[in-house]
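Visitor: I'm new to this one, so please walk me through it slowly.
Guide: Gladly; let us look at it together and start with an open space.

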Amino acid sequence: DGNTWNHEHIALVGRCLLLPPADAHKLVRHLADFVLVWTARHAGTHAKGGGDDLIKAPHIARIAASVYADMNASAFVMGRGGAEPSDSLRRSLVYALHAHGLRDDAPARTDAELAALGFEEAFTSRNRMARVFRVLRVSEESRAHVADSFARLRTCHAEAGELHPRCRAAHGYPLALAPTLALARPFG
């Protein structure tokens, strides 16, 4: 929709998905309770335009790199026809979750290895196209900050009206993300 905050937030989520799992967990634990991964390739639909998150990784990387200069968009690619991931993509959180328990080259092949990285499998659909992973050790301080922030946003919205600029200032990321957010370049 052209909203730069949306673009910058998508870039932050992309950064989380493309970092190595242990590094990604340091951010994700302040943002979410669960991570959803689309894994159409395990149902045999990735070549039929059903694109899963590995096929979409180059696009995710371009968005992340447009805001975070330390992200190299060209490093996160799949081989011709979606065959094999680049080394950078193979080391990413999205690959670790995508491949967990389904590929021998998964960074975390066992549940214990995945838990050590800060995630556990919560749900995998019957056809393995959708997978949900619980984020372990979620920051309660960040959770409280976000809940308070949304309460302030609702109050502002009720007082000032829909899409009032003052309301946007009422919402903010958890303070623990400040070092990462400081790396962001304004988009636009």
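Visitor: How much space lies in the second largest pocket?
Guide: The second largest pocket holds about 400 Å³ of space, a volume being the space filled by probe spheres set on grid points that are joined across faces, edges and corners. On a 1 Å grid over the protein atoms alone, where a 1.4 Å probe is used, a pocket is an open set of points with protein on both sides within 12 Å along at least five of seven lines, and lining residues have an atom within 4 Å of a point.

Visitor: And which residues are closest to its centre?
Guide: Of the 24 residues that line this pocket, His 9, Val 28, His 30, Leu 31 and Ala 32 are the closest to the centre. Please bear in mind that this is a predicted model, in which local features need pLDDT of at least 70 and side-chain atom pairs need 80 or more, while totals for chains, interfaces and linings use all residues. Residues are numbered from 1 along each chain as its sequence is written, and side-chain values use heavy atoms, without hydrogens or water.

Visitor: Which helices and strands supply at least two residues of that lining?
Guide: Helix H1 (4-18), strand S1 (34-38) and helix H7 (140-160) each do, and H1 gives the most, with 5 residues. Helices (H or I, at least four residues) and strands (E, at least two) are DSSP runs, numbered from the N terminus.

Visitor: How does the lining divide into nonpolar, polar and charged?
Guide: The lining has 15 nonpolar residues, 6 polar ones and 3 charged ones. Here Asp, Glu, Lys and Arg count as charged, Ala, Val, Leu, Ile, Met, Phe, Trp, Tyr, Cys and Pro as nonpolar, and the others, Gly among them, as polar.

Visitor: Which strand is S1 joined to, and by how many bridges?
Guide: S1 is joined to strand S3 (residues 130-135) by 5 bridges, and the two run antiparallel; strands pair if DSSP finds at least two bridges between them. Within S3, Phe 133 is the bridge partner of Val 35.

Visitor: What about the phi of Arg 128?
Guide: Phi of Arg 128 is near 65 degrees, a positive value in a residue other than glycine; this residue lies in the loop between strand S2 (119-124) and S3 and is partly exposed, at 37% relative accessibility. Arg 137 likewise is not a glycine and has a positive phi, of about 55 degrees; Arg 137 is found in the loop between S3 and H7 and is partly exposed, with a relative accessible area of 48%.

Visitor: Changing topic, what does Ala 61 contact?
Guide: Leaving aside neighbours within four places in sequence, Ala 61 is in contact with Leu 18, Ala 73 and Phe 76. Ala 61 is found in helix H3 and counts as buried, at 2% relative accessibility.

Visitor: Last one: how many helices and strands does the protein chain have?
Guide: The protein chain has 9 helices and 3 strands, and 39% of its 188 residues count as buried.

Methods: Buried means under 20% relative accessible area, exposed over 50%, partly exposed in between (1.4 Å probe, protein chains only). Contact means heavy atoms within 4.5 Å.
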